[in-house]
Amino acid sequence: MSVLRSVIVGCGSYLPARIVTNDELAAQVDTSDQWITERTGIKRRHIAADNELTSDLAAAAAKAALAQANLEAAAIDLIVVATATPDQTFPATATRVQEKLGLARGVAFDIQAVCSGFVFALAVADNFLRLGQANRALVIGAETFSRILDWEDRGTCVLFGDGAGAVVLEAHAGIGSTADRGILASRLHSDGRYHDLLYVDGGPSSTQTTGHVRMEGKEVFRHAVTNLAAVVGETLEAAGLKAADLDWIVPHQANKRILDATAKKLGLGADKVIVTVDHHANTSAASVPLALAEAVADGRIKAGQLVLLEAMGGGFTWGASLIRM
Ligand code: UT7
């Protein structure tokens, strides 16, 4: 029987033009470039213009991914957008992206797993493709997190940025070994007991307002390192591979100290970790595909290499995906 596997055939990204440095933030809230750099590794972030919506960022990243894949939008029959900052409460931002790409067929919907959203969306799209329910998917992580920040809370407002990243996934038949291209394994987790450590204090059903990000940073940090190292191990094991087999790890970019601690726990050298947190900050669901697209574009990640994506976010949610590029 012919085995279907989902192969990444294109990556793309989009960052809003406006760049905000730590020094600019220090002029607004009681913080400093030194504190932000030492505690997070962040130096700057991109912030969307007032008239730029999450769907605009997502559509721009999607077009870049399609161009790299040398495909027209018409080739796509599934669009999954991971976002915690949708244009509107409904409809799904994915349907806005569908329309912006000039498409009127196929399936489009959103996934909500905050910072883990892209890894969740990739696993969902992979399942659609492997079951033969779609042939080519756009999987997009897109956020305008700046819109849900409390710009008076220095504990959160310095940490996040806006952006979008996308991949084109294509179902390929007749492949089965871990040396063949495609998604080899994914593992996802959620644990709703940790709601209060990272959440937005608003929503249509609770307050009828959009609300702002609230976070117990230290607690989230502690869980992140433990959960991420565990799910990476679990995903590698599912494919019968080891951390030493990895060419690259593309982590969710929340904090340079989390990236370092997780890599250390896995026994991976810093030279195998893609880091963009310094110039993107934490872009939630966009961070993993933004980092992936950057490392593919600059030639670090090459065809045939073994790459592991991982993320952790509000919920808590966390997951990983192991990919032969
Ligand atoms: O994407 C989803 C996952 N999110 C994360 O993974 C975030 C995880 N957490 C973190 O990255 C870190 O916990 C933070 C960067 C959020 C905070 O770093 P920390 O080392 O845990 O600092 P802290 O929260 O314990 O705060 C230490 C001190 C406090 O002052 P006192 O109480 O010691 O006097 C804070 O008030 O730093 C203060 N502080 C700041 N000072 C200057 C907090 N934010 C700032 C700031 N500028 N922006």
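1. Terms and basis. Buried means under 20% relative accessible area, exposed means over 50%, and partly exposed lies in between (1.4 Å probe, protein chains only). Helices (H or I, at least four residues) and strands (E, at least two) are DSSP runs, numbered from the N terminus. This is a predicted model, in which local features need pLDDT of at least 70 and side-chain atom pairs count only at pLDDT 80 or more, while totals for chains, interfaces and linings use all residues. Residues are numbered from 1 along each chain as its sequence is written, and side-chain values use heavy atoms, with hydrogens and water left out.

2. Helix α3. This helix covers residues 54-69, 16 residues in total, and reaches 22 Å from its first C-alpha to its last. That is close to the 22 Å expected at 1.5 Å a residue; the expected span is 1.5 Å times one less than the number of residues. Its buried residues are Thr54, Ser55, Leu57, Ala58, Ala59, Ala61, Ala62, Ala65, Leu66 and Ala69. They pack against β1 (4-14), α4 (93-100), β6 (136-144) and β7 (162-173), where contact means heavy atoms within 4.5 Å. Just after α3, Asn70 takes a positive phi of about 60°.

3. Side chains of opposite charge can pair when their charged atoms come close. A salt bridge here is a side-chain nitrogen of Lys or Arg within 4 Å of a carboxyl oxygen of Asp or Glu, and the whole structure has 14 of them. One of them joins Arg130 and Asp126 at 3.2 Å, N to O. Both residues lie in helix α5 (residues 117-130), four residues apart, or about one turn of the helix. Arg130 counts as partly exposed at 40% relative accessibility, whereas Asp126 is buried at 4%.

4. Arg214 pairs with Asp153, with the closest N and O atoms 4.0 Å apart. Arg214 sits in strand β10 (residues 213-215) and Asp153 in the loop between β6 and α6 (154-157), so the pair ties together parts that are 61 residues apart in sequence. Arg214 is partly exposed, at 22% relative accessibility, and Asp153 is partly exposed with a relative accessible area of 22%. The two residues also belong to a network of salt bridges that links Asp150, Asp153, Asp201 and Arg214.

5. A further pair. Glu294 forms a salt bridge with Arg300, the closest N and O atoms being 3.7 Å apart. Glu294 is partly exposed at 23% relative accessible area, and Arg300 is partly exposed at 27%.

6. Which residues come nearest to the ligand? Of the 23 residues around it, they are Thr31, Arg39, Arg154, Asn255 and Asn282; a residue counts as near if one of its heavy atoms lies within 4 Å. Polar contacts are pairs of N or O atoms within 3.5 Å. An N or O atom in the side chain of Arg39 is 2.8 Å from an oxygen atom of the ligand. A backbone N or O atom of Arg154 lies 2.9 Å from a ligand nitrogen, and a polar backbone atom of Gly217 is 2.9 Å from a nitrogen atom of the ligand. The protein covers 74% of the 960 Å² of accessible area that the ligand has on its own, by the Shrake-Rupley method with a 1.4 Å probe. Elements giving two or more residues to the shell around the ligand are α2 (33-40), α6, α7 (217-238) and α8 (256-266).

7. Helix α7. This helix gives the most to the shell around the ligand, with four residues. Its 22 residues should span 32 Å at 1.5 Å a residue, and its end C-alpha atoms are 31 Å apart, which agrees. Buried residues of α7 include His223, Asn227 and Thr235, along with Val220, Leu228 and Val232. Just after α7, Gly240 takes a positive phi of about 70°.

8. Backbone points to check by eye. Most residues other than glycine have a negative phi, and most peptide bonds are trans. A cis peptide bond joins Phe90 and Pro91, with omega about 0°; Pro91 lies in the loop between β4 (78-82) and α4. Another cis peptide bond joins Gly315 and Phe316, with omega about -5°, and Phe316 is in the loop between β12 (306-313) and β13 (317-324). Val114, not a glycine, has a positive phi of about 50° and is placed in the loop between β5 (107-111) and α5. Gln208, also not a glycine, has a positive phi of about 60°. Gln208 is found in the loop between β9 (198-200) and β10 and is exposed, with a relative accessible area of 60%.

Definitions and conventions:
A polar contact is a pair of N or O atoms within 3.5 Å; within protein, one must be able to donate a hydrogen and the other to accept it, and residues adjacent in sequence count only if both atoms are side-chain atoms.
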